[in-house]
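Here are my notes on the fold and on a few local sites. Please read them with the structure open.

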Amino acid sequence: MHLILKASGADAGIVSHLLAKNPLNIYDRVDKGVRVRMVYTTATENETEVLIHAEPDPVDLVRGTPDGYDITQYINDREFVTSSLFCSYIRAALGTALNGKPKEDYVQWVGHAFELELTFGPVASDLPDRVVEELFSPLGYAVSVERGELSYSFDLKNRSTVRHIILRGRNTVQHALRQLFLLIPVLDNYKHYFISEDEIDKIKRYGEGWLDAHPLKELIVKRTLRFSELIRQYERQEGALSASLGQESGIAQVLETVIQENNVGHQEEGEQEHPGVESDSGQSEPPVRLNELRYRAITDVVAALPVKRRIVDMGAGEGKLSARLSYIPDVESILAVEPSGQSRLRAMERFAKLEGRSGVVAMPEPIIGSLFYFDEQMQNQDVMILCEVIEHIEEYRLNGIMDTIMNDYQPEVLLVTTPNKEYNDVYAMEQESFRHHDHRFEWTRAELASRCEEWTQNGNYGYEIKGIGEHVEGYGQPTQLVIFERRKESLS
């Protein structure tokens, strides 16, 4: 993870004094397992270029944390990508410039705008390139987004999901760094620390002089604070956030989409459906989360089935859907199957709260499992559910998985939900973008129908495809629901 700051033009050499780092010395510090270095690659009167690099210990990133028991926590991108972690690592090195307090002889240069070029990355962002550009272009920068080309032995993707970003424009060093310290975590949408009221103070401090006029202020504030109560607290202090995410630009739809698909498997947090519709009273109703609509559709289908005693929820995540299924009359057992230990623990906590509740007819049982491994517990169940699961599996493996489900597990009813790729245009997403960084594919309605036809030719099933969410003519609905029903075998 790195940041390159380059200043050119008259008096560019002053920048080293604003950073309070001597170009003749290499800044090299190790603190809490993180090595931070600042190296001047150019230092003349008319040009200054400095590389700021941070190298954390990848094991220390998770050792001793609540998630440290889970081996999957050691397989992540945190040691590589420019994120809130990076900003925290380099804050001490750039403290003088961020606070605008160089030696007295150079205080007058704090407010001086230089010709700057800022290069940072890699960035792992769930925002499309167009939104990334619209975060920085209102600040006066020309924005370049560079991606690497990929080569796989099978058809997965040909463009890297990580990006390097280059900003060029006139700005003060202090403003440029403060903007990056606020916007880099917005891009990455990951916080490694507890988000408290202090985050509001950071927004005010680093956003002073530019954030109020930014057209994407609402996006910046919400992705910084995350939690509704903190957002309301900010609005009480600073005034209501304007509806700056206008429909014309399509940014509102993009933001909602990346929020919707923000978690693997069953989307757990922050999902929102398309903007609220006007009620009969003329007031805008609160938006219904797309994930809520998925759960309603699935539970409605299950509740209407004549036989539903035994249910398997594959890829159950933290157990939200399984918990809802526990209230359906005539259900006797629910297997909440999930490979992630962390998610299973959270599911167990959720299920424990169901005990003694009125209306609960079956307690979900969290078990470890995966579609990649055969498990006789899954055989001959009444209902099997794959809610937002298949798109996280490589396409070339799906046929084998569906063959196992239909010919070995043989549930009476199989419910599958997956995104409708055509609807991404409604969200104004880029053509090659997926709704979630872990999606291996997203299918159009025709592509899904073709695959369903292929799968049922090799299994004793019929199928019906329905849509979930707001319908838009020509694009369908955001989520596709497939209901596979096992055909009754002939008695002859």
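1. Helix α14 (residues 445-457) lies across β12, β13 and β14. Its direction runs at about 160° to β13. Axes are lines fitted to C-alpha atoms, for helices over the stretch in contact, and angles run from 0 to 180 degrees between N-to-C directions. Helices (H or I, at least four residues) and strands (E, at least two) are DSSP runs, numbered from the N terminus.

2. A word on the source. This is a predicted model, where local features need pLDDT of at least 70 and side-chain atom pairs count only at pLDDT 80 or more, while totals for chains, interfaces and linings use all residues. Residues are numbered from 1 along each chain as its sequence is written, and side-chain values use heavy atoms, with hydrogens and water left out.

3. The sheet is open and has seven strands, in the order β10-β9-β8-β11-β12-β14-β13. Its pairing is mixed; two strands pair if DSSP finds at least two bridges between them. β10 (364-367) and β13 (461-468) are the edge strands, each pairing on one side only. On average, neighbouring strands are turned by 20° against each other, direction ignored.

4. Helix α10 (residues 290-304) also packs on the sheet. It touches β8, β11, β12, β13 and β14 (479-486), contact meaning heavy atoms within 4.5 Å. The direction of α10 makes about 165° with that of β11.

5. Look next at strand β11 (residues 383-387).

6. β11 has parallel partners. Strand β8 (residues 310-314) pairs with β11 over four bridges, and M314 stands opposite L386. Strand β12 (residues 413-419) pairs with β11 over five bridges, with L415 as the bridge partner of I385. The chain goes from β11 through helix α13 (residues 395-409) to β12, a right-handed β-α-β crossover. Right-handed means that, with the strands pointing away from the viewer, the path from the first strand over the helix to the second runs clockwise.

7. β8 also runs parallel to strand β9 (residues 333-337), joined by five bridges. R310 stands opposite S333 there.

8. Which residues does Y475 touch? Leaving out residues up to four places away in sequence, they are N420, E422, Y423, D425, V426 and R445. Y475 sits in the loop between β13 and β14. It counts as partly exposed because its relative accessibility is 33%. The C-alpha atoms of Y475 and D425 are separated by 7.8 Å, though the residues are 50 apart along the chain.

9. R486 belongs to strand β14. Buried or exposed? R486 counts as buried, at 14% relative accessibility. Its side chain makes a polar contact with that of Q410 (3.4 Å). Such a contact is a pair of N or O atoms within 3.5 Å; within protein, one must be able to donate a hydrogen and the other to accept it, and residues adjacent in sequence count only if both atoms are side-chain atoms.

10. In helix α8 (residues 228-238), L230, I231, Q233 and Y234 are buried. Seen down the axis, the buried residues of α8 fall within an arc of 160°, so they line one face. The arc is that of the directions from the helix axis to the C-beta atoms. Their cover includes α6 (198-206) and α7 (217-225).

Key: Buried < 20%, exposed > 50% of the residue type's maximum accessible area, 1.4 Å probe, protein only.
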